[in-house]
Amino acid sequence: MAPLYAGLDVSDKTTCICIVDAQGVVVHDAEVASAPAAIARELKPYRTLLERVGQESGALSQWLHKELSKRRFPMVCMDARTAHGVLSLQRAQTDVNDARGLAQALRANWFAEAHIRSEESQRLRLLLIQRSAMKRKALDLQHSLRMSVKAMG
């Protein structure tokens, strides 16, 4: 059997999935919830034939990549700038067409792979971002109080 390539166009609520064969013929199209279980359920019948499953780097990409890799899917996180260049060649920019374009890019090797950070690195970054936000809010509150007191003499 010929290998298959699945492109995932991920948004906050739904994910469009397009699976193409080695000649670029669409084998399967679907739209599911943007949850690893729903995506895995849709890809499961094709698991043994899937050469690559790709998605653009974005807000949900780290989580989906990790969860779908755990389920033994051959995940590829595609650099968003490179993927955008490939997708801009299409006439109609829809989620379904973007998923199809990503699948075709995987088939033709027209992508650059994005780095997926380790879970430890993600947690550390999250802590640093939250610390920075808390410091900023504390300073804003301090300045507001200072200006209020100054206005009252």
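This is a predicted model: local features need pLDDT of at least 70, side-chain atom pairs count only at pLDDT 80 or more; totals for chains, interfaces and linings use all residues.
## Overall architecture

Helices here are DSSP runs of type H or I with at least four residues, and they are numbered from the N terminus.

The protein chain contains 5 helices and 5 strands. Followed along the sequence, these elements give the pattern β-β-β-α-β-α-β-α-α-α. The radius of gyration of the protein chain is 21 Å, well over the 15 Å that the globule rule gives for 153 residues, so the chain is more spread out than a compact globule. The C-alpha trace spans about 80 × 35 × 25 Å along its principal axes.

Two further values describe the chain as a whole. Buried residues account for 35% of its 153 residues. Among contacts with a separation of 6 or more, 56% are made by residues 24 or more positions apart.

In soluble globular proteins, nonpolar side chains tend to be buried together. The largest nonpolar core of this model has 17 residues, of which Ile19, Ile39, Leu43, Leu50, Val53 and Phe73 touch the most other members. At least two residues of this core come from each of strand S1 (4-10), strand S2 (14-21), helix H1 (36-43), strand S4 (50-56) and helix H2 (61-70). The most is given by H1, with 4 residues. Another core lies apart from this one; it has 14 residues, including Cys16, Met78, Val86 and Leu106.

Valine 53 is in contact with Ala6, Leu8, Leu43, Phe73, Pro74, Met75, Val76 and Leu106. Isoleucine 19, which lies in strand S2, touches Leu4, Tyr5, Ala6, Val25, Val26, Val27, His28, Leu43, Tyr46 and Leu50. Because its relative accessible area is 0%, isoleucine 19 is buried. The C-alpha atom of isoleucine 19 is separated by 61 Å from that of serine 148, a residue 129 places away along the chain.

## Packing of helices H1 and H2

An α-helix has 3.6 residues a turn, so residues three or four places apart point the same way. In H1, the buried residues are Pro36, Ala38, Ile39, Ala40 and Leu43. These buried residues pack against S1, S2, strand S3 (26-33), S4 and H2.

The buried residues of H2 are Ser61, Gln62, Leu64, His65, Glu67 and Leu68. Among the elements that cover them are S1, H1, S4, S5 and H5.

## Loop residues

Arginine 72 occupies the loop between H2 and strand S5 (75-78). Its phi, near 65°, is a positive value in a residue other than glycine. With a relative accessibility of 71%, arginine 72 counts as exposed, because exposed residues are those over 50%.

Asparagine 109 also has a positive phi, near 60°, and is a residue other than glycine. Asparagine 109 is found in the loop between helix H4 (95-108) and H5, and its relative accessible area of 48% makes it partly exposed. Threonine 94 belongs to the loop between helix H3 (80-87) and H4. At 36% relative accessibility, threonine 94 counts as partly exposed.

## The largest pocket

Rolling a probe the size of a water molecule over the atoms shows where empty space is left. The largest pocket of the model has a volume of about 160 Å³. Its lining is formed by Gln62, Arg117, Glu119, Gln122, Arg123, Arg125, Leu126 and Ile129. Helix H5 (residues 119-151) provides the largest share of this lining, with 6 residues.

By class, the lining comprises 2 nonpolar, 2 polar and 4 charged residues. Gln62, one of the lining residues, is also among the buried residues of H2.

Methods
Residues are numbered from 1 along each chain as its sequence is written. Side-chain values use heavy atoms; hydrogens and water are left out. On a 1 Å grid over the protein atoms alone, a cavity is a set of points where a 1.4 Å probe fits but cannot get out, and a pocket is an open set with protein on both sides within 12 Å along at least five of seven lines; lining residues have an atom within 4 Å of a point. Grid points are joined across faces, edges and corners, and a volume is the space filled by probe spheres set on the points. Ala, Val, Leu, Ile, Met, Phe, Trp, Tyr, Cys and Pro count as nonpolar, Asp, Glu, Lys and Arg as charged, and the others, Gly among them, as polar. A nonpolar core is a set of buried Ala, Val, Leu, Ile, Met, Phe, Trp, Tyr and Cys residues joined through side-chain atoms within 4.5 Å. Buried means under 20% relative accessible area, exposed over 50%, partly exposed in between (1.4 Å probe, protein chains only). Contact means heavy atoms within 4.5 Å. The radius of gyration is taken over C-alpha atoms; the globule rule is 2.2 Å times the number of residues to the power 0.38.
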